[in-house]
Structure formats: structure tokens, C-alpha cells
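Biologist: I would like to go through a model feature by feature. Please give the general idea each time and then the case at hand.

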Amino acid sequence: MTATDPTGWYERLGGAPFFAALVGGFYDRVAEDDILRPLYPEEDLEPAERRLRMFLEQYWGGPKTYSEERGHPRLRMRHAPFHIDLAARDRWLELMSASLADCDDTLEPEDRDELWRYLVSAADAMVNVNPYIDQ
Ligand code: HEM
């Protein structure tokens with residue numbers, strides 16, 4: 001626990017190396033993915049990887065580099081240009097879950113569960129094409 005990480009979450013999850021491994025493993029999978037890869041406008045996935053890593057670090061109490069560079073996250077708005085349906089959400093979570101499984105050895109099970117619950121609810125919130133809601 002530090003002044004910039006008052007809840008201690010960032011450190012408890014493993015700080016920078018943990019987030020680099022989680023997001024790195026996720027984007028390695030996105031690069032090969034038939035549903036997600038076509039959604040990414042840039043040829044080079046590295047800038048997108050860096051943005052997600054910075055965002056998650058900030059959310060969990062780490063450095064505030066994301067907001068210094070990008071301003072307020074407004075994630076739903078930033079995802080609005082992309083067609084995110086239930087299949088894209090499911091795939092996003094599937095790839096994130098596979099990456100998390102690769103780097104969760106050092107996590108307490110309850111910390112991993114907390115992180116996972118957050119990722120599921122954040123992914124639900126990003127869906128912007130839903131046949132059960134949209135006309
Ligand atoms: C539900 C499935 C999701 C899909 C298909 C998706 C797809 C995308 C795409 C195509 C981009 C643009 C790439 C870029 O320029 O950065 C993006 C950006 C981003 N996504 Fe997602 N995303 C999803 C869920 C999430 C979730 C759950 C989070 C956070 C926990 C997240 C955080 C971000 C961030 C931080 C950015 C960069 C925003 C910026 O600063 O411009 N995404 N996403």
C-alpha cells in the first residue's frame with residue numbers, strides 16, 4: 001500500500017510486471033483472432049496494447065499515465081465506433097481468461113476472482129450491439 005495505491009490492489013496483483021503479462025498475453029491472442037483482430041483499426045497492435053495496460057494499471061491503483069495521456073477514460077464512448085456484439089464480448093473474455101490463467105500463479109484466488117468480476121462487468125458494459133436490447 002502506498003499514497004498512490006491506497007487500497008494496495010496494484011501491488012497485491014503484482015504491479016507493472018503482472019499487467020504487462022496479462023495484457024501482453026491477451027494481445028498475442030487478439031493478433032490471431034478471427035473475431036477481434038478485424039475490429040482493431042491499426043496495423044500495429046502495440047499502441048492498443050499499451051492503452052489497455054495503462055488503463056488497467058490506473059484502474060487498479062497504479063500510475064495515472066493513462067489519464068495523463070488520454071484524458072478521462074470514457075470507455076463506452078471510445079468503444080462506440082466499433083461493432084461490439086455478444087460474440088465479441090464473449091471472445092474478449094475468453095482471450096482475457098486464457099491470458100489470466102497463464103499469469104495467475106502469484107495471485108490469491110480471491111484477488112483473481114475480484115479482478116475477473118471486474119473484467120466481466122466491464123466487458124458487458126462495452127457491448128453496443130445487442131439484439132435483445134437494440135431495435
Ligand atoms: C467487450 C469486448 C471489447 C472489444 C471488442 C474491445 C475492442 C476495442 C477496440 C477495437 C479498441 C480500439 C483500439 C485502440 O485504438 O486502442 C479498444 C480500445 C480500448 N479498450 Fe476495448 N474492447 C473491449 C472491451 C474492453 C474492456 C472490458 C476494457 C477495460 C476493462 C477495454 C479497454 C480499452 C481501452 C482502455 C482502450 C483504449 C481507449 C483509448 O484510450 O483510446 N476494452 N477496444
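Biologist: At what angle do helix α2 and helix α3 pack, and how far apart are their axes?

Modeller: Keep in mind that this is a predicted model. Helix α2 covers residues 15–30 and helix α3 covers residues 46–59. The two pack at an angle of about 140°, and their axes are 9 Å apart.

Biologist: Which word describes how α2 and α3 lie to each other?

Modeller: Only angles over 145 degrees count as roughly antiparallel, and 65 to 115 as roughly perpendicular. The angle here is about 140°, so α2 and α3 are oblique to each other. Their crossing is right-handed.

Biologist: Which residues make the contact between α2 and α3?

Modeller: From α2 they are A16, F19, A20, V23, G24, F26 and Y27. From α3 they are A48, E49, L52, R53, L56 and E57. By type, this contact has 9 nonpolar residues, 1 polar and 3 charged.

Biologist: How do the axes of α2 and helix α6 cross?

Modeller: Helix α6 spans residues 86–102. Its axis and that of α2 come within 8 Å and cross at roughly 135°. This pair is therefore oblique as well, and α2 passes α6 in a right-handed crossing.

Biologist: Which residues of α2 and α6 meet?

Modeller: On the α2 side, F18, A21, L22, G25, F26, R29 and V30 take part. On the α6 side, the residues are W92, L95, M96, A98, S99, L100 and D102. They divide into 10 nonpolar, 2 polar and 2 charged. F26 of α2 is listed in the contact with α3 and in the contact with α6.

Biologist: Which protein residue is the donor to the iron atom of the ligand?

Modeller: The single donor from the protein is H79, through NE2, 2.0 Å away. H79 lies in helix α5, residues 75–79.

Key:
Residues numbered from 1 in each chain as written. Predicted model: local features only at pLDDT ≥ 70, side-chain atom pairs only at ≥ 80, totals over all residues. Heavy atoms only, no water. Axes fitted to C-alpha atoms, helices over the stretch in contact; angles between N-to-C directions. Helix = DSSP H or I, 4+ residues; strand = E, 2+ residues; numbered from the N terminus. Parallel < 35°, antiparallel > 145°, perpendicular 65-115°, else oblique. Left-handed = near helix turned anticlockwise from the far one by under 90°. Contact = heavy atoms within 4.5 Å. Nonpolar A, V, L, I, M, F, W, Y, C, P; charged D, E, K, R; others polar. Donors = N, O, S within 2.8 Å, 3.2 Å for Na, K, Ca; no water.
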